[in-house]
Amino acid sequence: MHIALTATLILAAAQGGQHDMQGADGKGGWRMPPMAPEMPTLPGLVGAVPPVGAFLPGEGLDAAKLPEARPSSMVSMRNGDTLDISVSLVRRELRGKSYVMYGYNGQYPGPLIRAPQGATVVVRVTNEIDLPTSVHWHGVRIDNRFDGVPGVTQAPIEVGESFTYEVRVPDAGMFWYHPHSREDVQQDLGLYGNLLVTSPDEDYYGPAHREEVLVLDDLLMDENGLIPWGRESPTHALMGRFGNVMLVNGQTDYQLDARPGEVVRFYITNVANTRTFNLVIPGARVKLVASDIGRFERESWVESVPIAPAERYVIDVRFDELGEVPLLNSVQAINHFRGTFYSSVDTLGIARVAGEPADAQVSEAFEVLRQNAAVSTEMEAFRRHLGRAPDFELETSVRVTGLPLDIMRAMEVDTLYVPPVEWNDAMPMMNWLSTADQVTWILRDRASGAENGEIDWSFAVGDVVKIRIFNDPDAFHPMHHPIHVHGQRYLVLARDGVPNENLVWKDTALLPVGSTMDILVEMSNPGEWMFHCHIAEHLHAGMMFHFSVVDEESPPRG
Amino acid sequence: MIWIHLLGVAGAGFCSAPAALPAALPALPPPPPEYYEVALVSTGRVPGTRQAEGTGSVTFLPSPFGLAVGPDGSYRYEVRVQTERMLPPERGVYVAWVTTPDLDRVRRLSSLDAAGMAHGTVEWIQFLIVVTLEPSMNPEAQGWEGPVVMRGVSRSGMLHTMAGHGPFQVENCGSFGFN
């Protein structure tokens, strides 16, 4: 068992005072993730390494011979336009060192695709990395054939092969694309990009001086580089792979220049494998505008933006005061060894506010919290489902077999308190040693007892399905889960029995430990669709199933 | 146009029960998370409360994110205190409070109503719920004056140190900076 650290502390350890590797260094290519110097290793785990091979991309390749990755660029596409995307090995420069990583079109993040609502754009993807891949268009109610799930909607794109996606974008909002094939590795190594779908309504959002994209991520590194990933199956199967280096738009030193009074609209996406961020911008007013698939019924002032993996939020921020304004990740982390909480604050980036004041009209309009009557009107038809019993009930659990006895004992001891959300890797070595071969995360249908892939749900287009999901705190070692539904949109109607008075369409929502979440899924899009936890390692540890939606007026092809 | 079409298709099913699904039943809302309930235990110091029992249920405050969390990362909860097996006080009023484990911050939740219930909010990562017998009902009170009737600790208060015991009992804690 090892204590949690702030990323800053971990990085400091990585740069000098890190924990003794105790024999793990170099064993089968493994290096143990850096930990606090004060933290002992469980006696039975000295020298242990994960029971899978160690994987690093482009092994044997000289990073210097690869093209240097570039920051993301925007690609504006119209209906029918085609974009070629190559998935390739790139050289990334992080903190003055070069690393072999992945990129979409050699960029970090991948190209920001901008398309008008209602368009269909064509994206030809060619795989030039060393693993099979695919592209999932997260949150998009896309034609099922192009959902990008190997084994469900397509065969994986093998090395050297291509696949052409027709991406239909019926909803306005900020979406993203990423692999659905070993995303614990590929996404972590840089394969993610945003898809911004713009509404034809010029008044869709309130006025802002400009728009910026914030893609939040983290990477797990030590002084020798990237900590390897599991070759045959993911490591970090218990809690997911937390990084110790924070990235905004793929950079460790994100900076933004703003003018006094400037209103900046930030489209935020969390692409981390497992880390939930709590974004704070002290000294600036923050207005919450929209989430995954559209606007809230009502805008609201917020003090922070907690955002789980795969979620998106749109916020308007007004920078009033001159000087430097940090963008922080501010959480209450856990030190398991000392048995304490501590404030963990990482600076994700800096906004520098200087120069002439921004256009006052927009600054003043920022004061208004908009009521989106059209959204509320649409929601009324769905809100009536609040009063009825759920159609299905799911509960979460976890099953662990074959982990070292010391880990099992420590996990059992460590059950007096389980936090609603794991904000940090509070047990890095145990987590690192656990693989998807030993840990099974479970979604269980309470009525049938079916688990994960055994769940066999079928719906018709037009069904509106209420699903109650309970995150069982009495599971062996529970954890929160960001629940993602492919191809449809859903509402979080209530949490722990408390109705949600400000609805917004979601495709991913966080389910804390011990909580019950009632979601209402609008089955509008026919096909075979995934339902899963979006912690990459939990997904690979089994926490998924697929369901079918049949268009009875238009039977499926083939 | 695709957008409009989809809305139309989906809209057909909004108001009717899905044909392939179980018939809609009256909903029983799930209870607050039992796991995070705070068990309140009598101090036995106040006449008529020796057998008193109680719980403090905690539910996230309404938040557009679902998860109510402040800028310092602490959760923000609504606390509902339910007590029973307490006789009405001969003098004074029962009041529920929350306080940090160090007792350096105290917040009055509310006085107990006729049903023995109180409620309020808390935004500390670890906290105690305390019910006291106060000489008067003073909504502005900054802290309690009377004897403690019941108390309980938030589940987060059970976060325990592993230093020097359990799997680490053979470790020399001093070598890791602990006394």
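Q: What makes two strands a pair in this predicted model?
A: Two strands pair if DSSP finds at least two bridges between them. The model here is predicted.

Q: How do you know that β3(A) and β7(A) pair?
A: Three bridges join β3(A) to β7(A), residues 112–116. The cut-off is at least two bridges, so β3(A) and β7(A) count as a pair. The two strands run parallel. Within them, M74(A) stands opposite L112(A).

Q: Where do β3(A) and β7(A) sit in their sheet?
A: The sheet of chain A is open and has five strands. Their order is β3-β7-β12-β11-β9, with mixed pairing.

Q: Why are β3 and β9 of chain A called edge strands?
A: β3 (74–76) and β9 (136–138) of chain A each have a single partner strand, so one side of each is left without a neighbour in the sheet. Neighbouring strands of this sheet are turned by 25° against each other on average, direction ignored.

Q: What makes β3(B) and β6(B) a pair?
A: Six bridges link β3(B), residues 77–84, to β6(B). The definition asks for at least two, so β3(B) and β6(B) pair. Their sense is antiparallel. R80(B) stands opposite H119(B) in β6(B).

Q: Which sheet of chain B holds these strands?
A: An open sheet of eight strands, in the order β5-β4-β7-β8-β1-β2-β3-β6, holds them. The pairing is antiparallel.

Q: What makes β5 and β6 of chain B edge strands?
A: β5 (106–111) and β6 (117–122) of chain B each pair on one side only. In this sheet, the twist averages 25° from one strand to the next.

Notes:
Residues are numbered from 1 along each chain as its sequence is written. Chains are lettered from A and ligands numbered from 1 in the order in which they are written. This is a predicted model: local features need pLDDT of at least 70, side-chain atom pairs count only at pLDDT 80 or more; totals for chains, interfaces and linings use all residues. Helices (H or I, at least four residues) and strands (E, at least two) are DSSP runs, numbered from the N terminus. Axes are lines fitted to C-alpha atoms, for helices over the stretch in contact, and angles run from 0 to 180 degrees between N-to-C directions.
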